[in-house]
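Trainee: Hi, could you walk me through this model? I'd like to start with the surface and then go inside.

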Amino acid sequence: MEEIKIGITGVSGLVGNYLAEYLLNKGLAITGFSRKELKDINIIYGDITDKSSLVPFIKILIYVFIWLHR
């Protein structure tokens with residue numbers, strides 16, 4: 001069975017960080033998309049407003065959680 005690959009944008013924010021912690025505790029593989037470095041989470045660096053930086057993030061994933069706020 002293939003490993004479930006989950007991506008979270010906004011992983012350095014409040015909701016994204018809680019979601020990442022929850023999923024990691026469930027034993028799932030998480031990749032975050034962020035402009036900031038985080039401990040214990042694989043990060044692909046980029047800006048959500050830059051489409052070209054999203055491509056490497058989306059190409060490796062099966063599920064993507066996107067958290068945006070103003």
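Mentor: Happy to! First a term: buried means under 20% relative accessible area, exposed over 50%, and partly exposed in between, using a 1.4 Å probe and protein chains only. This is a predicted model, where local features need pLDDT of at least 70, side-chain atom pairs count only at pLDDT 80 or more, and totals for chains, interfaces and linings use all residues. Residues are numbered from 1 along each chain as its sequence is written, and side-chain values use heavy atoms, leaving out hydrogens and water.

Trainee: Okay, is I66 buried or exposed?

Mentor: I66 counts as exposed, because its relative accessibility is 52%. I66 lies in the segment after β4 (63–65); strands here are DSSP runs of E with at least two residues, helices are H or I runs with at least four, and both are numbered from the N terminus.

Trainee: Switching to S53, where is that?

Mentor: S53 sits in helix α2 (residues 51–59). With 13% relative accessibility, S53 counts as buried.

Trainee: And which residues does S53 touch?

Mentor: Leaving aside residues up to four places away in sequence, S53 touches F33, G46 and D47, where contact means heavy atoms within 4.5 Å. A polar atom of the S53 side chain lies 3.0 Å from the backbone oxygen of D47.

Trainee: You mentioned F33. Is F33 buried or exposed?

Mentor: F33 is buried, and F57 is buried too.

Note on methods:
Polar contact = N/O pair within 3.5 Å; in protein donor to acceptor, adjacent residues only side chain to side chain.
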